[in-house]
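Could you walk me through this structure, with the cut-offs behind each term spelled out? I would like to follow it in plain paragraphs.

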Amino acid sequence: LNIGQIGTGANMAFRRAIFDKLGLLAVALGAGTPAQGGEDLEMLFRVLAAGWGVVYEPAALVWHRHRRDLLELRRQIRSWGRGAFGYLTAGWLCHPAERGGIGILAAQLLAVYYPRRIAQSLVDPGIELDLAWAELTGAISAPFYYLRSRHRAEDDAPPRCASMGAIEREHV
């Protein structure tokens, strides 16, 4: 369930058949929602849970907007924390069989990863304490923002979790 070990969806593409089998990206997650992200991680989880794989293509080119100042970067980093824990919140609610793994991952992030980043920022001038703190506060606030996103999404469509359904393992 720790999809972050694979990477993020900052630049990803899917075959159409994936969406036909697994459904679209989760509408309650994403940069344009209060959750501010996590739809990439959630879709990668569904792809792997269905028995399919992912491919890394180092020759692919992508353009990313870099933040111009510390305030913009802080907002971006906070949204990363919010998106990651939005994904975990969605997983907790939508995939009950995975709750054990989700709980372990969330506990590891909150008890080890974030405190380590904050401690590193106190001794390493290359790591801004403010940025480490922003990611943690984004993570802590994520369940609230995910639920707000989900509520808004349900106003526009029937409530649903992105489905993994009964999927046959096949090459897509």
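R74 counts as buried, at 19% relative accessibility; buried here means under 20% relative accessible area, exposed means over 50%, and partly exposed lies in between, with a 1.4 Å probe and protein chains only. R74 forms a salt bridge with D130, the closest N and O atoms being 2.1 Å apart. The term salt bridge stands for a side-chain nitrogen of Lys or Arg within 4 Å of a carboxyl oxygen of Asp or Glu. R74 lies in helix α3 (residues 70-94) and D130 in helix α5 (residues 129-156), so this pair ties together parts that are 56 residues apart in sequence. D130 itself is partly exposed, with a relative accessible area of 30%. The helix labels come from DSSP runs numbered from the N terminus, where helices are H or I of at least four residues and strands are E of at least two.

Before going further, please keep in mind that this is a predicted model, in which local features need pLDDT of at least 70 and side-chain atom pairs count only at pLDDT 80 or more, while totals for chains, interfaces and linings use all residues. Residues are numbered from 1 along each chain as its sequence is written, and side-chain values use heavy atoms, with hydrogens and water left out.

How many salt bridges does the structure hold? There are three. E42 and R46 are four residues apart in helix α2 (residues 39-49), which puts about one helical turn between them. An α-helix has 3.6 residues a turn, so residues three or four places apart point the same way. E42 is buried, with a relative accessible area of 4%, and R46 is buried too, at 0%.

R16 and D20 also form a salt bridge, with 3.1 Å between the closest N and O atoms. Both residues lie in helix α1 (residues 16-22), again four residues apart, or about one turn of the helix.

Let us return to α2. This helix is mostly covered, since eight of its 11 residues are buried. The buried residues include D40, L41, M43 and F45, and the buried residues of α2 pack against α1 and α3. In the loop between α1 and α2 you will find Q36. Q36 has a positive phi of about 65° although it is not a glycine, and at 30% relative accessibility it counts as partly exposed. After α2 comes G51, whose phi is also positive, near 95°.

Now for the whole chain. Its secondary structure comes to five helices and zero strands. Of the 172 residues in the chain, 35% are buried. Taking contacts (heavy atoms within 4.5 Å), 71% of those between residues at least 6 apart in sequence join residues at least 24 apart.

Next comes the largest pocket, which has a volume of about 1,100 Å³. Of the 39 residues that line this pocket, the closest to its centre are T8, Q76, S79, W80 and G81. Pockets are found on a 1 Å grid over the protein atoms alone: a pocket is an open set of points where a 1.4 Å probe fits, with protein on both sides within 12 Å along at least five of seven lines, and lining residues have an atom within 4 Å of a point. Grid points are joined across faces, edges and corners, and the volume is the space filled by probe spheres set on the points.

Which helices supply the lining of the largest pocket? α2, α3, α4 and α5 each supply at least two residues, and α3 gives the most, with 10 residues. The lining divides into 18 nonpolar, 14 polar and seven charged residues. Here Ala, Val, Leu, Ile, Met, Phe, Trp, Tyr, Cys and Pro count as nonpolar, Asp, Glu, Lys and Arg as charged, and the others, Gly among them, as polar.

Finally, a word on confidence. The mean pLDDT of the chain, where pLDDT is the predictor's confidence in each residue from 0 to 100, is 85, and 86% of the residues reach 70 or more. Over residues 165-172 the pLDDT is below 50, and this stretch has 14 contacts in the model beyond near neighbours in sequence.
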